[in-house]
Protein chains: 2
Amino acid sequence: MTPKNHEGVGIVATKTALVCVPPDELNLQSGRILGPIEVSYETYGTLDAEKSNAILVCHALSGDSHAAGFYSDDDTRPGWWDAMIGPGRPLDTDKFFVICQNVLGSCRGTTGPASVNPRSKKRFGMKFPVITIRDMVDVQARLLDQLGIAQLACVIGGSMGGMQALEWAVRYPERVRSIMPISTTGASSPLCIGFNHICRSAIMADPNWRGGDYYESGEPPADGLAIARMVGHITFMSDKSMRRKFGRKISGREGIYAFTAQYDVERYLYYNGYNFPKRFDANSYLYLTKALDAFDLSDGFPGGVEEALSRIKARCRFVTFTSDWLYHPEDTEELVAIMEKRGQHAEHFCIKSDYGHDAFLVEHHLLAPIVRDFVASQQRRV
Amino acid sequence: MTPKNHEGVGIVATKTALVCVPPDELNLQSGRILGPIEVSYETYGTLDAEKSNAILVCHALSGDSHAAGFYSDDDTRPGWWDAMIGPGRPLDTDKFFVICQNVLGSCRGTTGPASVNPRSKKRFGMKFPVITIRDMVDVQARLLDQLGIAQLACVIGGSMGGMQALEWAVRYPERVRSIMPISTTGASSPLCIGFNHICRSAIMADPNWRGGDYYESGEPPADGLAIARMVGHITFMSDKSMRRKFGRKISGREGIYAFTAQYDVERYLYYNGYNFPKRFDANSYLYLTKALDAFDLSDGFPGGVEEALSRIKARCRFVTFTSDWLYHPEDTEELVAIMEKRGQHAEHFCIKSDYGHDAFLVEHHLLAPIVRDFVASQQRRV
C-alpha cells in the first residue's frame, strides 16, 4: 500500500496547537497546575457547518496522533488505524471529521516529560507532574474548545484509548453523543499494575536512566525501555497466537546449547524491544503506565463506579476480544451490566479472537462492521 | 509451627555427595562433559532392605533440596513441601524413603555456575555448560546409583520438577514405577520462553552482571535478578488471585500522584523481588530458565512426543490447576490423550483453583488426597 493507490485519507500533516495557556492553565487531578501545553494532532475529513460531525479517536500507550494516511508519497507506513479511517471506511471521512490527538505525557509532539519546561528552560524529566487519564481528556477538551467543537459524535479508542472514551462520557456527559471503548476496563487490575511496575523497575534500574535526566547524556535508558516493551508485547498477545506465530522454532539448531541461541519468540521480542527506544521516550513510558495504573472510573465518586457510570448520557458500545487476558471481557461486562440495570444505553460486543489484547489493532475485518454501524447512527440529522 | 510440636520429619540435615567423578564424568546433552559434580540432597524416612521404597521429589526453578523439616529447634521455616512429606503425610515417611536433590545448575549446594571449576580453580560463571532437564535427571540417577537404589517407587514434582518426573519416565523407563508430574508441560511454550527471555535480558542488562563474572565484585546483579523474580511472581499467580490478594489497595492515598506511591501489588513484587538475590544466584537463574526453555520431551525422537511417551512404563498421574496460565491443563491433557490411546496408564486430575501456577505449593488440602492415594498404591508388595 503506497499513497498513490491508497484509497484512504491520502497525504496528511500533523498539526500543533497550544492550549492551557496561562492564565488558563490546566488544573491537574493531582492538584498541580500545568500550562501552556502543546498538542500534536491530526484531522481527517471536513468539519460540517454545525461542527457536529467530529469523532475523537484516542490512541493507546505507545500510539500517537498519526492515526491514518501517509506523510509523503514515499511513505510506506500508514497511520496506526488507517484501516478504520477514510472515505467509505468505518470512520467515514466523507461524513465525519476525525481528530486524533497525541496524549498529554507522551513524547510524540504533545507536552510530556521530554518537553522543555517553559519556566526553567530545561527538560521536565521527573519534574513533570504525575498525570491521569482524566488530565489527558481535559487537554483534549481544551483543543476541541479551540476548534469550536462543543459536542463529539463519538469518542472511540482501544486499551488506554478506551479508558479515555469512558472518562470522556463520565466527565463531559453533555459533550459526547456516543462512545466506543474497546479492549479496556473501568479500573486497572493488580495484574496490569504489576506488569507496569516491572516495566518501570526495568527503566529506573537502567544506569542510563539517571533519575530521568538522560536527555543531555545522549544515552537514553534503552535496555530498560526495551525490557519494558518486551513485557508489553507478551501481554498484548495470547498463548494461542504466540504458539501459532512462533511455536518452538529456533534459529540454528546447533545454537540450542548456547546463550546466543534465540527462539523465534526471543528474536521477535528483542527486535521489537530494542526498536522501541528509537521512537519512544522512557520517561513518557513511566508517566503513561502510572496513568494507566491510577485509572479507576470510580475515583472521586462516593457512590463508586455506579455513580460514575450514572453520569453517562452517551450511547455506549463496548467491544472486547475473548483472548484478551490483560483487559478481560468480564470487566467490561460488569460495567455494561450496571448500565443496563440503570436503563442506560450500553451494548457489549465480545469478539472471538486468538489475538489477545492486540486484536483491536489486528482484527480489522471483525471490528470494522461493529464500528461502522454504530458510528453511522451517530450522524446528526439536522 | 516450630520443630518442637512439629509432627513432620523434625530436624533434618542437608547432605552432600560427589558424583560423576572422573573418569566417569557426565556426558551432557550438549555434548560437553562435566564432573565431578557435587550434589546437595536431603532424605526423610528409611530405605527398606530391598531398597524399593524410594520416592524422588523434584523441585522447581527456585527450590532446593530442603523439601521438609527444620534445620534446628529455632528454625521457624520448614522445607518447601513440608505439608506433603512426613509420618502419615501424603508422602508418608513411615513407609517411604523420600529423597530431594538440588538440581544441577542451581546454587543451593549442587554444582552450578557459582561453583568453583576444579580445573581452573575459578568460579564457572558463564563458562558453565548449558544444561538441560535431561542432564539434571542424569545427575539424580548417578546419586541414586551411589545409594544403591535401582528403582524408584515414584518421581514427583511440580513445574520444573514435573518436567524432571516426565524426563525420568522417558529416559529411565525401568527405574521408575510411577511418576506424578504436577503443573507442568511436555514442552515449553513460546509464552514461557518469552517471559524467561525477559528475565534473562534484565539480568544481563544489569551492569553488575559483568558477563557473569560478578562473584568477586561483591555486587551481584540484584536489580536484574529482582526484575526477573517479579516477572516470575506475576506468572505464578492468576488474575483472580491477585484481585483477591491485592485489589487496588495502595499505601497512602496522598501518594497516588507520586512515583513513590506503591499499590499493594507493587510492594509485594518489590519485597519478593529484592529478597530473592539474597538467596539465589543470577547466573543459576540464567541456566535454569535456559533449561526450561529447551525442555521438549520429543527432543531426539524422530517420532516426536508420541515416540518419547511410548517409552514410559511407569504409571502416570498428572495434576494440573484450572487457573495455571503458564502451564495450561490443556497441554497435560494432550500428553494424557496420547498415552491413553496407546493403552498406557495415564490419569489426569485437573483441580479447580484460583491460585494459578502457584497452586501446587498452596492448595495442599486439594493436592494431598490425590498424592496420598497414588503414592500409597506404589508400595511394593514383596
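Two residues are taken to be in contact if their C-beta atoms, placed from the backbone, lie within 7 Å. By that criterion, 40 residues of chain A are in contact with 39 residues of chain B. This is a predicted model, in which local features need pLDDT of at least 70 and side-chain atom pairs count only at pLDDT 80 or more, while totals for chains, interfaces and linings use all residues. Residues are numbered from 1 along each chain as its sequence is written, and chains are lettered from A in the order in which they are written.

**The side of chain A that touches chain B**
- At least two residues each come from α3 (190–205), α4 (222–236), α5 (239–245), α6 (264–275) and α7 (282–294) of chain A, helices being DSSP runs (H or I, at least four residues) numbered from the N terminus.
- The most is given by α3(A), with ten residues.
- By class, this side has 25 nonpolar, seven polar and eight charged residues, where Ala, Val, Leu, Ile, Met, Phe, Trp, Tyr, Cys and Pro count as nonpolar, Asp, Glu, Lys and Arg as charged, and the others, Gly among them, as polar.

**α4(A) against α3(B)**
- The axes of α4(A) and α3(B), residues 190–205 of chain B, come within 10 Å and cross at roughly 170 degrees, the axes being lines fitted to C-alpha atoms over the stretch in contact, with angles from 0 to 180 degrees between N-to-C directions.
- The two helices are therefore roughly antiparallel, a term for angles over 145 degrees.
- Residues of α4(A), including A:Ile227 and A:Met230, meet residues of α3(B), among them B:Phe195 and B:Ile198.

Note on methods
Angles under 35 degrees count as roughly parallel, over 145 as roughly antiparallel, 65 to 115 as roughly perpendicular and the rest as oblique.
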